[in-house]
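Here is a short briefing to read alongside the model on your screen.

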Amino acid sequence: MIKVSGVSKTFKSYHSPADRLKEKIFRKKYHREITALQNVSFEVKEGKTLGVVGQNGAGKSTLLKILSGVLLPDEGSIKVDGKITGLLELGTGFDHELTGLENIFMNGTFLGMDKDEIERKKDDIINFTELGEFIYDPIKTYSSGMLMRLAFSIAMHAEPKCFLVDEALSVGDAYFQQKCMRKILEFKNDGGSIIFVSHDMNAVKTICDSAILLDHGHIISSGDPKDIIDYYHGIILSKSHMGNTEVIVNEVIDDHTGHKNPSASTGEVKLLSFKVLNSKNEEILHIESEQVVKVIYQVKALKELSDPHFGLHVRNNLGLSVFETNTYCSGIKTFTLKKGQVAELTWEFLFSLSAGDYSFSVGVANKGYGRDAFEEYLLMAHDIEVLKVIPNSNAIVYSGVFNMKPKIKIQERLGKE
Amino acid sequence: MNIGLILELAKRDITEKYSGSTLGALWNFIYPLVDIFIFTVIFANLMGSRLPGSSSVYAYGFYLTSGVIAWNAFSNTVSRTATVYLDKKHIITKVKVDLSSFPLYIAISESITFVVTMGVFLFLLLISGYGVKPVILFVPLIYLVQQLFAYSLGFFIGIFVVFIRDLREIVRIVLQFWFWFTPIVYVYDILPEYVKKIMVYNPAFTFIHAYHSVFIYEQIPDLEAILYLFLLSFAILLCAGFTFKKLEKDVRDFI
């Protein structure tokens with residue numbers, strides 16, 4: 001378990017480090033203050049994973065540095081019932097002249113293992129890295145992926161109670177990333193707490209039990225990872241407007257589920273209605289797989305939009321994207337919307353998805369450019385409706401994301417001995 | 001404070017500087033041996049330098065050697081401890097370490113070099129027929145006080161080096177002057193009266209003179225002076241500890 005209470009950290013920016021001393025001696029202000037963290041509190045229970053999301057400069061790195069003990073907080077405390085190790089940046093404290101094996105001893109000592117302990121775990125550590133003979137080479141010859149493997153392996157074998165993971169993990173190849181993930185899950189099942197900092201929202205959704213959203217050093221929201229990520233996307237939306245337009249992030253309560261749905265909009269468009277229909281134009285809450293589903297929504301322009309485009313996003317119950325596109329990406333011509341004009345969009349598709357709950361999100365943007373980008377993002381409304389898909393008894397039985405409707409052939413051939 | 005960590009760092013410190021070379025860590029000891037060789041053989045035999053009041057040809061060489069070995073341990077400890085936070089930035093900014101005891105590895109690694117060179121020096125004293133007297137048993141005491149002084153001073157300066165990087169160079173220059181202000185190459189007696197008066201305030205003179213006493217003059221060192229040096233070191237250490245407590249957060253932020 002790890003408990004962080006009221007942690008604040010302010011960096012003072014000086015023209016030169018010497019100004020810090022001048023300040024101490026002459027008691028005069030020589031700095032500009034930068035608040036990196038402000039009254040941050042959270043708790044990660046045993047066997048739980050906390051995701052930390054936020055834009056660059058939101059305070060994530062500072063938080064990790066404070067958690068790992070490299071920096072000291074101005075206020076607040078951190079309580080852990082054991083060791084904290086982690087995979088922070090590459091090669092935490094490695095010496096590049098030394099061999100991989102020597103670094104195991106060096107780094108292991110830094111992480112609080114004694115000689116006997118390292119001697120005992122040495123083989124496990126090396127085996128996990130799969131570095132083979134390379135372990136006897138100086139690590140300056142290693143690739144970043146190899147460094148990551150070594151750093152991860154040592155940090156995991158130091159038997160921490162809390163493990164910190166940041167972007168460094170993404171350096172590894174797909175195979176090793178999965179291997180690390182399995183190890184992390186194993187660690188979690190054994191009662192370890194994990195703090196996961198990432199920009200990979202899908203990873204946050206799959207791994208984390210809860211999440212916090214940091215913005216300018218404050219926790220602006222905490223709770224279910226899915227909600228936090230939607231909130232985060234809302235902030236990104238406001239950012240793409242360079243702060244010219246105020247963005248309202250509001251929580252809409254879904255009538256059917258009572259679930260809170262954060263949506264973000266610039267106030268330049270308004271979603272008037274949203275319906276999910278079957279082929280008989282009846283509003284539905286569930287449907288059999290392989291059937292036609294129609295989504296109809298109306299958007300009102302509150303200012304003139306020269307080149308508006310509309311998107312639809314289908315996600316599964318884990319929040320993972322199943323399908324997502326928009327009129328621009330689909331090559332659909334749209335028309336200029338005058339202020340007050342309403343556009344109605346009808347989407348019709350065959351819902352050949354595997355059984356489960358799927359949610360719909362709507363996005364509106366203006367002025368497309370390039371392959372799939374827009375100059376202005378106007379609205380992002382998440383999880384407006386949820387549609388339950390039940391298995392179609394006439395279809396084949398399959399698992400996965402959707403029915404690929406395979407053509408399967410089997411023929412007898414004369415085998416050669 | 002983690003003793004295992006400090007010892008591991010000290011070990012690495014000795015091995016890593018010359019890692020990749022065939023003789024490796026041995027180079028740490030080859031340099032001081034070359035010094036001893038030059039001082040004793042070249043100075044004594046070729047230049048015929050004599051120590052006033054001594055008949056032995058080797059006396060001056062040994063005088064010089066005993067001072068230089070001790071000075072090297074002292075000055076390396078001070079200058080390296082003073083810059084350790086910048087030099088080991090790549091470790092300190094990545095893993096949690098206790099910054100106040102972290103530089104101890106330098107004092108230990110320098111001590112190992114000291115012990116080995118002292119060993120060779122003693123060997124030379126014996127085979128040259130110059131001989132050693134039981135007073136050399138004071139050497140460990142002198143050395144301990146000297147290193148406590150070096151560590152305290154280095155640690156204290158080290159805190160400020162983080163903020164004022166120029167201090168790093170200033171420390172080197174001051175140590176140069178300090179070396180020549182201390183009777184290591186020359187003897188105390190040749191100094192003019194007024195310099196002799198100030199000399200008592202030179203802490204380095206206390207321990208260098210103590211080595212000279214036991215090795216060359218075969219006398220019990222000035223224990224009172226050593227006690228003062230010990231008290232001074234302790235005071236600096238307290239000061240440094242207090243300053244560090246006040247500034248630790250800033251030190252970590254600024255590295």
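In strand 4 of chain A, Ile78(A) is the bridge partner of Val4(A). This is a predicted model, in which local features need pLDDT of at least 70 and side-chain atom pairs count only at pLDDT 80 or more, while totals for chains, interfaces and linings use all residues. Residues are numbered from 1 along each chain as its sequence is written, chains are lettered from A and ligands numbered from 1 in the order in which they are written, and side-chain values use heavy atoms, with hydrogens and water left out.

**A sheet and its helix in chain A**

- Helices (H or I, at least four residues) and strands (E, at least two) are DSSP runs, numbered from the N terminus.
- Strand 1 (residues 2–13) and strand 4 of chain A run antiparallel and are joined by five bridges; two strands pair if DSSP finds at least two bridges between them.
- These strands belong to an open sheet of three strands in chain A, with the order 2-1-4 and antiparallel pairing.
- Strand 2 (32–44) and strand 4 (75–80) of chain A stand at the edges with a single partner strand each, so one side of each has no neighbour in the sheet.
- From one strand to the next, the twist averages 25°; axes are lines fitted to C-alpha atoms, for helices over the stretch in contact, and angles run from 0 to 180 degrees between N-to-C directions.
- Helix 2 of chain A packs on this sheet and touches strand 1, strand 2 and strand 4 of chain A. The direction of helix 2 makes about 65° with that of strand 2 of chain A.
- Seven of the nine residues of helix 2 (residues 60–68) of chain A are buried, so this helix is largely enclosed by the rest of the structure. Buried means under 20% relative accessible area, exposed over 50%, and partly exposed in between (1.4 Å probe, protein chains only).
- Among the buried residues of helix 2 of chain A are Leu63(A), Leu64(A), Ile66(A) and Leu67(A).
- Gly69(A) follows helix 2 of chain A and has a positive phi, near 90°.

- Most residues other than glycine have a negative phi.
- Asn39(A) has a positive phi, near 50°. Asn39(A) lies in strand 2 of chain A and counts as exposed, at 53% relative accessibility.
- Asn281(A) has a positive phi too, near 60°. Asn281(A) sits in the loop between strand 12 and strand 13 (286–288) of chain A and is partly exposed, with a relative accessible area of 47%.

**A second sheet in chain A**

- Three strands of chain A form an open sheet in the order 12-14-17, with antiparallel pairing.
- Its edge strands are strand 12 (269–277) and strand 17 (342–351) of chain A, each pairing on one side only.
- On average, neighbouring strands of this sheet are turned by 15° against each other, direction ignored.
- Strand 14 (residues 291–301) and strand 17 of chain A pair over ten bridges, and Val295(A) stands opposite Trp347(A) in strand 17 of chain A.

**Domains and cores**

- The domain assignment of chain A gives domain 1 (2–215) and domain 2 (225–390); such bounds come from an automatic or database domain assignment.
- The centres of these two domains of chain A, taken over C-alpha atoms, are 37 Å apart.
- In chain A, 15 residues of domain 1 are in contact with 14 residues of domain 2, where contact means heavy atoms within 4.5 Å.
- A nonpolar core is a set of buried Ala, Val, Leu, Ile, Met, Phe, Trp, Tyr and Cys residues joined through side-chain atoms within 4.5 Å. The largest one has 77 residues, and Ile104(A), Phe110(A), Leu150(A), Phe152(A), Tyr85(B) and Val251(B) touch the most other members.
- Helix 5 (residues 144–157) of chain A gives the most to this core, with nine residues.
- Both domains of chain A give residues to this core, so it lies between them.

**A helical span and a buried serine in chain B**

- The end C-alpha atoms of residues 104–128 of chain B lie 36 Å apart, and this span is 96% helix and 0% strand.
- Ser213(B) is found in helix 10 (residues 203–217) of chain B and is buried, with a relative accessible area of 3%.
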